[in-house]
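Reader: I've got a structure open and I'm new to this. Could you walk me through how to read it?

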Amino acid sequence: MLPEAAAQALTAPAQRRVQGLFKGRGGRWGTSLSVLVSLLALLPIAFVIGVSWQIGWAQIEALVWRPRVGELLVNTVLLVVITLPLCMLLGIALAWLTERTDLPGRRLWSLLAVAPLAVPAFVHSYAWVSLVPSIHGLPAGVLVSVIAYFPFMYLPVAATLRRLDPAIEDVAESLGLKPWAVFWRAVLPQLRLAICGGALLVGLHLLAEYGLYAMIRFDTFTTAIFDQFKSTFNGPAADMLAAVLALCCLAMLTAESAARGHARYARVGSGSAREQRIVRLSPRTTLLALGLQSLTCALALGVPLVTLGQWLIAGGREVWRFNELLPALEQTVLLGVAGAVLTTCAAVPIAWLSIRAPGRLQRILEGCNYITSSLPGIVVALALVTVTIHFARPIYQTTITVLLAYLLMFLPRALVSLRAGIAQAPVELENMARSLGRSPGRALWLITLRLAAPAAAAGAALVFLAIANELTATLLLAPNGTRTLATGFWAMTSEIDYAAAAPYALTMILLSLPLTGLLYHQSKRTAGR
Amino acid sequence: MNALELHALCKSFGSQRALADVSLSVPTGGRTVIVGPSGSGKTTLLRMIAGFEFPDSGSLTLNGQVLVDATHAVPAHQRQIGYVPQDGALFPHMTVADNIGFGLATKGEAHHSRIAELMDSVALDANMARRWPHELSGGQQQRVALARALAQQPRLMLLDEPFSALDTGLRSAMRKMVARLLSDAGITTILVTHDQAEALSFADQLTVMRQGRLVQSGHPMEMYQYPADEQTALFLGDAVVLPARIQAGWADCDLGRIQTNSPLSHGTARIMLRPEQVQLSASGCPGVVTEREFGGNTCTLTVALHADPSHTILVRSAGLLAPPAGSAVHLSTTGTAHVLFG
């Protein structure tokens, strides 16, 4: 999504200067390391292709062309087609209200619009099932998905709205456009990148999520693969479903990249942009807007919190089984920290190369990581199960495999942050350090990595957040006896012991809350505030 | 004696030639200015001397030590060459004192006193030591960058347009301060700039660079008066260029008969005068003012000569006394004209 922009941001002479640096040993090391990480990232794709090859066309036909697959496909497509526009509408409306109007308490509303991210998706559906036990099927899937995922649309749109150049709107208005036309013809087109990015993120979550849909008994590819895997273990049926799911993800990636187009969205002029214009809402619109905000907030935060509270009260003291809860918390934190550190370290050479020596190889490497991370956890998990069983038996069902899955799934989160951090440390500073007598390695350590450290920490925190709430791959890959907060929660709800699951859910939310705050803060900062 | 010797340096970026056969000697303790339009390769040359770029061919010697030749290259951190880039490039995560002390090998009390000494030498107040780079003005940032580069007692100081980000008044003050400081310390200096006024005032030795080549080197006053070609003449300042018939050291042109600096040449050629060599006078070559550009203390007049109205001549005149457009005037010249060859 970003490498081209980053490459263009460096002027041609700067690129050349930088490439001069890469004749050294450090450059070769960096390149080999990033190639290694990217080859690793291709594992799941290789798995899908390899498995299809092995099964053979005749059997693929038998496995894929059957009513069950058709049913799953219809379910999944309907879910995406209905949920995406709703998420877009809600996300854009809330972003506009909090960023561009004088809505009372808009800072608070903007925080509340991001807060639902601290609630794992499967906890959302747990809350709804508790509230309305009969809830199920497509309508339930759409409802909970919109509530759980609209912040992914809200965040980028709000950040972009904040940094748009108000002069463009002024000019549009001076050309005789009415306010609504200004929004439609001048503002919305500039939001295209943000909307596409948000839509892709929501779409990929819809395809990949297991827990949310399993709990409300709505069958998608991911839930079907999971069930298939549970019943036949590593069978061709599950593998083929995974292949179809992977194809769906790739189709979504392609659609997003086509929708993004090639237009330029950066500000063309020089100088810093003025303050944004704030629209005054009439009392009636204000009331309507407040209604929308409160309703969203009630559904996305109120329902999970109230339900959790009810279960906790109903469960009383005995649901707090600290002898189980604390080890789960400890394991979650350990896995999260180890995964975050591993992923961030693996991202360093790639991020470094993408800023210091952008080129075609670099873009291909990043593309590999990006595609893999768009594959659902269940596909990555199946790939790792197959590969470790056949080629690396000793690490099958060990923590190493789990960490590897996290690395493959969450590398881009670390990458995006780290790249922004390294970009803030211009190569000129490293040159200065060298001219002052520091060796290239020391210069990198003293200057660039020191300057990129906050961004690296933010990236690591985002990876930690993802790991702490990860369910599917952990369920499939973790060694026996592993119990994280997410899998512990899942085990309780599978036994329909909803009250006992509540402490796990609450701990997960409390663990995620500060990191969600960080996400909110980071989106403000990228917008230059 | 020469401190730095550049010999036949060549460098291409892809198909684009950045440096073509550049050779130059920089005298010890002197101030050499490389001036050229943007894209002329001057920054590439400077970065090559610093060790951030390496030539495709050619060699580079400092005080007799080979820095780069066909077989080996000394990396930047072992060259002991100071470098001050255009924007200062201060480390944003370090205070002023830490920035200045970055290249110092000393520790403890000696470290602090050396930093204080350096700050004093660039006229920075001692209480600035604990400030952060973003709290400084542009001029202060440049002083810190200069002190930081001075700290390691460089064998050579490279300045890459260090004054261009400053506003006009500050720029000339900074330039004077830096020139005096480096001369007092006896540090050989190379400054790169695209600003001809800055180049002329800072240099002991001036070098004009164009399209990756060094066009001409010499003393600035000499270069201003006797440029090698018309392009250089115009790059170093306004010029009056006229066709003339040369005979026995005198040129006959629209401005009359003017003595030239080359007594031996004959035939037709183009001659160059600086506008300040042409004055309004009571008698002389008649013409009419076609345009008056008021510039405060001086006015630049465009005068069309009666002898050939298609030729216009730039004349400087005291701002408040300049005649308006349409006035009839007479022009006379002082000094010698420079004959341009080629």
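Reader: What is the order of the strands in the open sheet of chain B?

Author: Keep in mind that this is a predicted model. To read a sheet, go across it from strand to strand. Here you get five strands in the order β13-β12-β11-β14-β20, with antiparallel pairing.

Reader: Which strands stand at the edges?

Author: Look for strands with a single partner. In chain B these are β13 (256–259) and β20 (338–340), so one side of each is left without a neighbour in the sheet. On average, neighbouring strands here are turned by 45° against each other, if you ignore direction.

Reader: How many bridges pair β12 with β13 in chain B?

Author: Four, in the antiparallel sense, with β12 covering residues 250–253.

Reader: Now helices. At what angle do α14 and α19 of chain A cross?

Author: Compare their axes. Those of α14 (residues 221–232) and α19 (residues 377–391) in chain A come within 10 Å and cross at roughly 30°. Angles under 35 degrees count as roughly parallel, so α14(A) and α19(A) are roughly parallel to each other. Among the residues making the contact are F226(A) and F229(A) of α14(A) and L382(A) of α19(A). By class, that contact has six nonpolar, one polar and no charged residues.

Reader: And how many residues of chain A and chain B are in contact?

Author: 19 of chain A with 23 of chain B. Together the chains bury about 2,000 Å², 64% of it on carbon and sulfur atoms. There's one salt bridge across the interface: the side chains of R47(B) and E428(A) meet at 3.2 Å, N to O.

Key. Residues numbered from 1 in each chain as written. Chains lettered and ligands numbered in written order. Predicted model: local features only at pLDDT ≥ 70, side-chain atom pairs only at ≥ 80, totals over all residues. Heavy atoms only, no water. Axes fitted to C-alpha atoms, helices over the stretch in contact; angles between N-to-C directions. Helix = DSSP H or I, 4+ residues; strand = E, 2+ residues; numbered from the N terminus. Parallel < 35°, antiparallel > 145°, perpendicular 65-115°, else oblique. Contact = heavy atoms within 4.5 Å. Nonpolar A, V, L, I, M, F, W, Y, C, P; charged D, E, K, R; others polar. Pairing = 2+ DSSP bridges. Buried area = accessible area lost by both parts, 1.4 Å probe. Salt bridge = Lys/Arg side-chain N within 4 Å of Asp/Glu carboxyl O.
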